[in-house]
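Subject: Structure handover

Hi,

Here is the structure I promised to pass on. Please open it alongside this note; my findings follow below.

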Amino acid sequence: MSTLRALSPSEIRVLGVLSEKQRTVPDSYPLTVNALVSGCNQKTSRNPVMDLSDAQAQASLDSLKALSLVTETSGGRVYRYGHNLDGVLRIPSQSIALLTVLMLRGPQTPGELRIASERMHNFADISSVEAFLEELAERPAGALVRKLARLPGARESRWTHLLGGEPADDESAGPTEAGASEDLSLGEVAALKAHVARLEAELAQVKALLGRVCAELGIGGGEGPPTGNS
């Protein structure tokens, strides 16, 4: 890890969210503290799920600013925050996309990483993902990722980031759900299921917003546009 100290779980989550939102919702980036906390506490595409308060997020932002990993700008009456991963780590955008997924979702196989990072970068194939992972693992200034031991029955090894220091022993244990050992051999299928779950959650949010708008306008929601005179 070179001279960069090990980051705390909340710092890793804050940094990962800033990096993710820069690429997925650029119109809202840099983020306010409220938007950042919402991204940190998402129930989908996050492992582990967290419940950070505004104060905890702000404390993480302040400590990351001291490491030059976060920038602060004043926009109107609120401060907005962005990441500086590329400036500090000196790695390409493809590598930042992979690192971001690992920060937000925990250890992943190359197949899972390819699918999970598609909104940030479209990798041509799994071998391309593996090539960037190898570069991160062999980085002269200090490794940023590490390949974990392959689990029994798994076809692919998972990778983890090292921003928080050496991985804990339980990171190599894998999922604990029934039948997980079989699912691990189908990394891309598992990632697709996670992707579908995220899309379903986003669709539910859109439907809820549409319902509120329709209620405010005094029209029926989900019934389709009016067809003419009654």
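Pro48 sits in the loop between H2 and H3. This is a predicted model, so read everything here as computed. The peptide bond from Asn47 to Pro48 is cis, with omega near 5°. Pro9 belongs to helix H1. It is exposed, because its relative accessibility of 55% is over the 50% cut-off.

There is another cis bond to check. It runs from Tyr29 to Pro30, with omega near 0°. Pro30 is in the loop between H1 and H2.

Two residues deserve a look for their backbone angles. Most residues other than glycine have a negative phi, and most peptide bonds are trans. Ser68 has a phi near 65°, a positive value. It lies in the loop between H3 and strand S1 (70-75), and is partly exposed at 41% relative accessible area. Arg90 has a positive phi too, about 60°. Its place is the loop between H4 and H5. At 70%, Arg90 is exposed.

Next, the packing of H1 on H3. Their axes come within 9 Å and cross at roughly 80°. That angle falls between 65 and 115 degrees, so H1 is roughly perpendicular to H3. On the H1 side, the residues are Ser10, Glu11, Val14, Leu15 and Leu18; they meet Ala57, Ser60, Leu61, Ser63 and Leu64 of H3. By class, this contact has six nonpolar, three polar and one charged residues.

The largest nonpolar core has 44 residues, and Val14, Leu15, Leu18, Leu36 and Leu61 touch the most other members. Helices H1 to H7 each give two or more residues to this core. H5 gives the most, with eight. Beyond its sequence neighbours within four places, Leu18 is in contact with Tyr29, Leu31, Leu36, Leu61, Val70, Tyr81, Gly82 and His83.

Is His83 buried or exposed? Its relative accessible area is 8%, under the 20% cut-off, so His83 is buried. What does its side chain make a polar contact with? The side chain of Gln22, at 2.6 Å. Setting aside neighbours within four places in sequence, contacts of His83 include Leu15, Leu18, Ser19, Arg23 and Tyr29, as well as Leu69 and Val70.

Best wishes

Notes
Residues numbered from 1 in each chain as written. Heavy atoms only, no water. Buried < 20%, exposed > 50% of the residue type's maximum accessible area, 1.4 Å probe, protein only. Polar contact = N/O pair within 3.5 Å; in protein donor to acceptor, adjacent residues only side chain to side chain. Contact = heavy atoms within 4.5 Å. Core = buried A, V, L, I, M, F, W, Y, C linked by side-chain atoms within 4.5 Å. Helix = DSSP H or I, 4+ residues; strand = E, 2+ residues; numbered from the N terminus. Axes fitted to C-alpha atoms, helices over the stretch in contact; angles between N-to-C directions. Parallel < 35°, antiparallel > 145°, perpendicular 65-115°, else oblique. Nonpolar A, V, L, I, M, F, W, Y, C, P; charged D, E, K, R; others polar.
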